[in-house]
Amino acid sequence: MSAADFAWPAKVAVVGGGRMGSGIAHAFLSVGCDVALVEVDDAAAEAARQRVQRIVDRTAARAGAASDAAALASSTGRLVVGVDPGLVDGAFLVVESIVEDIAAKRRLLQDLERWTTQAVLIATNTSSISIDELAVGLAHPDKFLGLHFFNPVPSSELVEVVVGSATAATVVEQAVDVVRRLGKTAVTVRDSPGFVSSRLGVALALEAIRMVQDGVAQPAEIDQIMTLGYRHATGPLRLTDIVGLDVRLAIAEYLARKLGPRFEPPALLRDKVARGELGRKAGRGFYDWPSDGAGDPR
């Protein structure tokens with residue numbers, strides 16, 4: 001089935017309802033799509049439903065016009081959350097958004113090919129793992145690519161479209177069109193571990209962590225230099241807290257294996273993760289965060 005067989009807005013499925021998966025589900029709800037969000041068990045599914053509802057409520061509260069707010073507030077009527085893999089069938093696009101683990105992602109992506117018979121696009125939201133590595137075992141790698149959304153999804157303008165060696169040119173075009181319909185900017189890159197965004201972002205974050213470890217400056221001072229001096233929207237250490245120190249560590253370890261010792265994680269990062277100081281989601285990382293996990297750090 002081709003893209004022409006689907007009237008927009010089409011059905012989209014997201015597998016994995018964590019912070020990123022819920023944000024991706026919200027992005028498609030906000031442009032009128034029907035969204036199926038699949039989780040591993042009932043408890044995770046209910047947590048994902050509540051997560052999407054909170055994002056929708058916050059976005060609706062910020063909407064300028066009353067009609068926009070009402071439309072956003074009612075959008076969860078087009079959301080189905082559950083554990084049944086059959087929910088993905090009939091989707092134009094299926095996005096995998098689970099833990100950054102190659103084996104787990106490969107198993108899921110192969111399952112997705114069996115669960116859905118109509119998908120034009122199957123995408124992974126990985127932030128670092130090679131698309132070609134994840135495509136191993138797929139029957140139709142030509143339909144597979146990376147759609148790397150950024151955290152927080154509602155306010156981020158960028159989606160990195162990562163093209164594998166087997167990805168069809170028509171699939172890339174369709175993916176770019178989907179991103180445009182979301183009101184975001186698609187930047188297309190060739191597959192490589194870490195792509196562009198994570199290689200640069202992690203390199204900056206690791207060096208900032210080394211400077212904290214070496215006593216060069218405090219986290220807030222390092223971040224202020226980057227936001228005021230280099231016009232970065234968020235400093236590398238605050239952003240590491242938002243992304244999650246455990247996520248940063250996993251990406252750095254993967255990049256160190258693939259690209260060499262320049263991505264070797266500093267001892268301070270390993271120590272913080274071992275202590276459970278994972279950033280905003282844990283209440284503490286390089287900063288202390290409000291108990292609700294939102295807002296500015298203390």
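Let's start with what Glu277 touches: leaving aside neighbours within four places in sequence, Glu277 is in contact with Leu245, Lys272, Arg284 and Gly285, where contact means heavy atoms within 4.5 Å. Before I go on, a word on what we have here: this is a predicted model, so local features need pLDDT of at least 70 and side-chain atom pairs count only at pLDDT 80 or more, while totals for chains, interfaces and linings use all residues. Residues are numbered from 1 along each chain as its sequence is written, and side-chain values use heavy atoms, with hydrogens and water left out.

Back to Glu277. You'll find Glu277 in the segment after helix 11 (267–274); helices (H or I, at least four residues) and strands (E, at least two) are DSSP runs, numbered from the N terminus. Is Glu277 buried or exposed? Glu277 counts as buried because its relative accessibility is 11%; buried means under 20% relative accessible area, exposed over 50%, and partly exposed in between, with a 1.4 Å probe and protein chains only. The side chain of Glu277 also makes a polar contact of 3.1 Å with the side chain of Arg275. By polar contact I mean a pair of N or O atoms within 3.5 Å; within protein, one must be able to donate a hydrogen and the other to accept it, and residues adjacent in sequence count only if both atoms are side-chain atoms. From Glu277 to Asp288 there are 11 residues in sequence and 9.5 Å in space, C-alpha to C-alpha.

Now let's step back to the whole chain. The protein chain has 11 helices and 8 strands. Its radius of gyration is 19 Å, close to the 19 Å that the globule rule gives for 298 residues, so the chain is as compact as a globular protein of that length. That radius is taken over C-alpha atoms, and the rule is 2.2 Å times the number of residues to the power 0.38. The C-alpha trace spans about 60 × 45 × 35 Å along its principal axes. Buried residues make up 50% of the 298. Of the contacts with a separation of 6 or more, 65% come from residues 24 or more positions apart.

For a well-covered element, look at helix 1 (residues 19–29): 10 of its 11 residues are buried, including Met20, Ile24, His26 and Phe28.

On to the loop between strand 8 (185–190) and helix 7 (197–213), where Ser192 lies. Ser192 is buried, with a relative accessible area of 17%, and touches Ser128 and Arg199, not counting residues up to four places away in sequence. Phe195 sits in the loop between strand 8 and helix 7 as well.

Arg231 is in the loop between helix 8 (219–229) and helix 9 (236–243), and is exposed, with a relative accessible area of 75%.

Last, the cis peptide bonds. One runs from Trp8 to Pro9, with omega near 5°, and Pro9 lies in the segment before strand 1. Another joins Asn151 and Pro152, with omega about 0°; Pro152 is in the loop between strand 6 (144–149) and strand 7 (158–163). Thanks, everyone!
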